[in-house]
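Here is a short briefing on a protein model. Keep the sequence and the 3D view open while you read.

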Amino acid sequence: MKSPVPDTRNSLILRLPDKHDVEAWDQFVSIYEPLVYRLARSKGLQDADAREVVQEVLVSVSRAIEQWEFDPERGRFRDWLFRIARNLMIKFMTRRKHRPIGTGDSGIAQMLEQHADPVSEEESERFDLEYRREVFRWAAEQVQEQVKERTWQAFWLSSIEGHQTEDVALKLEMSVGAIHIARSRIRSRLREAIKTLEQDNTENISSHNAR
Amino acid sequence: MTSHLKHTNDTELQILLCGDEDSDEYRRTAAHVETCEACQKRLDTVAGPTQLDAETRELLSDYPWEALSNSRTGFQGTDGLPDQAESLTFLNPPSHPEMLGRLGRYEIERMIGSGGMGLVLKAFDTELNRPVAIKVLAQHLAHSGAARQRFARESRAVAAVVHEHVVAIHNVEADDQNPFLVMQYVAGESLQARVDREGPLDAKEVMRIGIQAASGLAAAHEQGVIHRDVKPANILLEQGVERILLTDFGLARTVDDASLTHTGIIAGTPHYMSPEQANGDTIDQRTDLFSLGSVLYFMATGRPPFRAERAMGVLNRVCHDTHRPVWQVNSDIPDDLSDIIDRLLEKKASRRFASAVEVRESLVRLLARTQQHGTRHRNRVKSFVRQRPFLSSGAIVCLASVIVAGFMFIPSSVERTRFRSIQPTEPVAPDNNISLAQQDQAIAAESAVYSATAQEISARLQQLEATSNAAQFAQPASDGFWQDSASFKVRLDQLERDTFRDSSISSTKEER
């Protein structure tokens, strides 16, 4: 008897033979899950339906991975992954206003190639803003795990919540100087974390060539 | 006030930014910088532009953290399972203080286990006064219409398999929130636990368990059910009785499919997966034979045939590497058994046994032969040759000359003796087989009495499928943009096709 459902999940694993690619996928998921969910909720969808949307988007993207092949022209897997997902979301958010997709014409292809599509500008800006928010949220979670709780608090209370350094120092029983160190320390780490998600083709092409 | 200390250098500043907060050098440097404004300024500059703080504040100060956990759909394996307290919220309060809670007519005693698909609970059926095991679909999957449907479909298929070596499904409850499956409770331990505790099993035990597992699989395959997750943890050894039962038929893998955990992290172990499964190819019942081969290997040697540090590594080895034959790992295992395992572990399904029935018959024959004539161990010679090739080649030359010399004098008698010793003996029906079969029949009859009728289960499942359909297509409040999920899916599918057909074009053009 034939089973109609091949185990796609496992095929994904085999298609990502590089450890860094698996990490990239996990990062991708942890950023896209809340991103798509929030965008869907902001469009009026209820919790369960928004989750369904998240699943659909991630499944679509994961299927696309079957088409992923390393090619120096394309850059690294991470960039490619984030790019197709962005295209998918923006086009989806934009398209619905005009005509149902399903004609199979080359319209989508053209739109995907265009950077500044007048129709999608608003949605793409919105997408990029929300995307960046998730990147920062993700980076903050990473950094928070790497530092002491008090260091994180010092940063959060002063830099994000905007409390006076002296007040924070008093509350956390730290010196004002220590608060300054904490803020610098976190900023530097956030920057590093965000950098790992930003496109940097030159560096990664060499690492990919090595495999 | 800082005069007694010199200012920090760049390396020390880096320690403050990236180093370990508990290290001596960190503390030493921090002690100075805390009180030195000049060094604080330098540190601030090295840490990066202060605009980053402003942007972080802008983006994160009103971030909806509470929505974060809602968005998680299980794609990422690292999120872990919900803790017990949270995961048991669907239970009604217990009617007895020693119990965890109630689920319909079942009193929940304790949690036996949890996995990617849900929880397994030990419970007591208050109507039929018997212990049962209950498998509840995980909360995050219960929301998914697809997962519920799959759960129901598979449960129905498995419920149809009634066999002494398959854990019986008593009932399926289409509870409004959490669908669950009521199964025979097996007191005992899993094969995994047994081998972990006692190490490799002896050859006869391997064969005996292999025979039972193969016959359980044969019964399932006859019903069109593929297990898909045959592994030592899914083979239960009943306490006090020499009987094994297969559990988790088809469910685990199927629900994994439905949960869409297309992630780099595998729920559970990949060690027993077949190459075709690992590759995502179409599978048939022979996938179970490969996994059975891996289980036999595990029993015989105490470890699975393919090992690597990471799941991905294991899967790559499953697909591309040749396992080390059992006889090389454990010389107590007879060659014939080692050969049967080799054949089960063939990468190409077509080169394995054709069916579980065939595997069972081969093992029965081998067990009978072993009990009558003992085992054959060519392997001792083989491993000797492998380990000491130089010495062996010398031995072979010597032996050859002796044989040549022998031929000169008494040729015919040597020939005959050699062949007779290698010829396999005719299979003999094992005498303990009858009592085992009788015992099995008795157990099967007993479990049939307990089982709810197939129609009853079937009706419940249809009801379950109906409710999940309704849930899946419920209309959300929408602004016409997202419309309903059905048409959303159609469009997304189309979009996906278009996107990925053209992704090569678009990605090249977008390259910076």
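This is a predicted model: local features need pLDDT of at least 70, side-chain atom pairs count only at pLDDT 80 or more; totals for chains, interfaces and linings use all residues.

Residues are numbered from 1 along each chain as its sequence is written, chains are lettered from A and ligands numbered from 1 in the order in which they are written, and side-chain values use heavy atoms, with hydrogens and water left out.

**Chain A overall**

- Chain A has 10 helices and zero strands. Helices (H or I, at least four residues) and strands (E, at least two) are DSSP runs, numbered from the N terminus.
- Buried residues make up 59% of the 211 residues in chain A. Buried means under 20% relative accessible area, exposed over 50%, and partly exposed in between, with a 1.4 Å probe and protein chains only.
- Take the contacts in chain A between residues at least 6 apart in sequence: 70% of them join residues at least 24 apart. Contact means heavy atoms within 4.5 Å.

**Helix against helix**

- Helix H9 (residues 176-197) of chain A packs with helix H2 (residues 24-34) of chain B at an angle of about 120°, and their axes are 8 Å apart. Axes are lines fitted to C-alpha atoms, for helices over the stretch in contact, and angles run from 0 to 180 degrees between N-to-C directions.
- That angle makes H9(A) oblique to H2(B). Angles under 35 degrees count as roughly parallel, over 145 as roughly antiparallel, 65 to 115 as roughly perpendicular and the rest as oblique.
- Gly177(A), Ala178(A), Ile181(A) and Arg185(A) in H9(A) meet Tyr26(B), Ala30(B), Val33(B) and Glu34(B) in H2(B).
- The residues of this contact of H9(A) with H2(B) divide into five nonpolar, one polar and two charged. Ala, Val, Leu, Ile, Met, Phe, Trp, Tyr, Cys and Pro count as nonpolar, Asp, Glu, Lys and Arg as charged, and the others, Gly among them, as polar.
- H2(B) also packs with helix H3 (residues 37-46) of chain B, at an angle of about 115° and with axes 7 Å apart. That makes H2(B) roughly perpendicular to H3(B).
- His32(B), Val33(B) and Glu34(B) of H2(B) make the contact with Cys39(B), Gln40(B) and Leu43(B) of H3(B).

**Strands and sheets in chain B**

- Three strands form an open, antiparallel sheet in the order S7-S8-S9 (chain B). Two strands pair if DSSP finds at least two bridges between them.
- Strands S7 (188-190) and S9 (244-246) of chain B stand at the edges, each with a single partner strand, so one side of each has no neighbour in the sheet.
- Three bridges join strand S8 (residues 235-238) of chain B to S9(B). Leu236(B) stands opposite Leu245(B) in S9(B).
- Helix H10 (residues 203-222) of chain B lies across S8 and S9 of chain B, at about 35° to S9(B).
- Elsewhere, strand S4 (residues 130-137) of chain B has seven of its eight residues buried. Five bridges join S4(B) to strand S6 (residues 180-184) of chain B, and the two run antiparallel.

**A buried loop residue**

- Ser274(B) sits in the loop between helix H11 (251-259) and helix H12 (275-278) of chain B.
- Ser274(B) counts as buried because its relative accessibility is 0%.
- Leaving out residues up to four places away in sequence, Ser274(B) touches Thr287(B), Phe290(B), Ser291(B) and Val318(B).
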